[in-house]
Amino acid sequence: MSSPTRPKKLIIAVDGPAGAGKSTIARLVAKRMNFLYLDTGAMYRALTLKALRKAVDISNAVQLTRLAKNTRIDLENNPDGSIKVLLDNEDVSTNIRKPEITKFVSDVAKVEGVRKEMLHLQRRFGLRSSCVLDGRDIGTVVFPNADRKFFLDAEFKTRVSRRHKELKDSREAVTAEEVKKDLKNRDTIDSNRECAPLKKAPDALYVDTTKMTIEEVVDTLLKHIRVRANRHNRPNGYG
Ligand code: CDP
């Protein structure tokens, strides 16, 4: 029998467009709470890498769905808070961040059959332990009953310069103009697709990170999570 004071598992959903700071923030929040972190975008990226390697036609939903059904994707949390992405047991953590993957990932992620496969994996992961998941549809579709939902956003110009700096830091030779084009293209596909489009869940807290430091955003999320966690752990349940 479970003790009434035993902490409940918590699911924290962090959604938003590229460059809003989701993965940095979600990773740090997970570390501070000692929760698992699941970067759901990494799963779509891993499948895109496999599709390109196998020369699968990216516009063919049937082939992409078949590929998704026959692919094993695992995510592991490294002790430093970063994640290891395994594609059919191969570590692809670095390869999936390459611009050629980024270019096609939204076309792969818009396929309903692909999303269905990823949804199963993401929900299974969420059942393991308390966790923070970041993506586009976590609060709306994957975990509509998440304990806390956040929608991180930032002005387009800020998102472009953050992503450009990130890529330069990892020695990718891309121009600001290319980054701008990529973000615009992905924003459009991710927000307008029929299946699980990027949108704020009505009960998500909207956080505009444009003028905030990483620490400020992390603190904002932690404050809201802790209020909820304390309520859960009261002996008589929800406060
Ligand atoms: O880090 P960044 O915001 O550039 O993207 P990501 O989180 O790695 O996600 C890459 C792409 O995967 C997004 O542009 C979406 O097309 C797709 N994605 C999705 O459709 N649903 C999710 N839950 C996560 C990512």
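I sorted the shell around the ligand and got four nonpolar, four polar and ten charged residues. My classes: Ala, Val, Leu, Ile, Met, Phe, Trp, Tyr, Cys and Pro are nonpolar, Asp, Glu, Lys and Arg are charged, and the others, Gly among them, are polar. The model is predicted, so I keep its limits in view: local features need pLDDT of at least 70, side-chain atom pairs count only at pLDDT 80 or more, and totals for chains, interfaces and linings use all residues. Side-chain values use heavy atoms, without hydrogens or water, and residues are numbered from 1 along each chain as its sequence is written.

**Ligand**

I listed 18 residues around the ligand; Arg45, Arg115, Arg163, Asp190 and Arg193 come nearest. Near here means a heavy atom within 4 Å. Helix 2 (40–53), helix 4 (99–109) and helix 8 each supply at least two shell residues. Helix 2 gives the most, with four. Helices are DSSP runs of H or I, at least four residues, and strands are runs of E, at least two, numbered from the N terminus.

The side chain of Asp190 places an N or O atom 2.6 Å from a ligand oxygen. Asp137 has a polar side-chain atom 2.9 Å from a ligand nitrogen. For Lys22, I read 3.4 Å from a polar side-chain atom to a ligand oxygen. The ligand alone exposes 530 Å², and the protein buries 97% of that. Areas are Shrake-Rupley values with a 1.4 Å probe; for residues, only the protein chains shown count as cover.

**Second largest pocket**

I found 17 lining residues, with Met43, Ile73, Asp74, Leu121 and Arg124 nearest the centre. Helix 3 (61–69), strand 3 (73–77) and helix 5 (112–128) each give two or more. Helix 5 gives the most, eight. The lining splits into eight nonpolar, three polar and six charged residues. A pocket is an open set of points on a 1 Å grid over the protein atoms alone where a 1.4 Å probe fits, with protein on both sides within 12 Å along at least five of seven lines; lining residues have an atom within 4 Å of a point.

**Pro197**

I placed Pro197 in the loop between helix 8 (176–192) and strand 8 (205–208). Beyond its neighbours within four places in sequence, Pro197 contacts (heavy atoms within 4.5 Å) Arg136, Asp190 and Ser191. Arg136 is 61 residues away along the chain, with 7.2 Å between the C-alpha atoms.

Notes
Polar contact = N/O pair within 3.5 Å; in protein donor to acceptor, adjacent residues only side chain to side chain.
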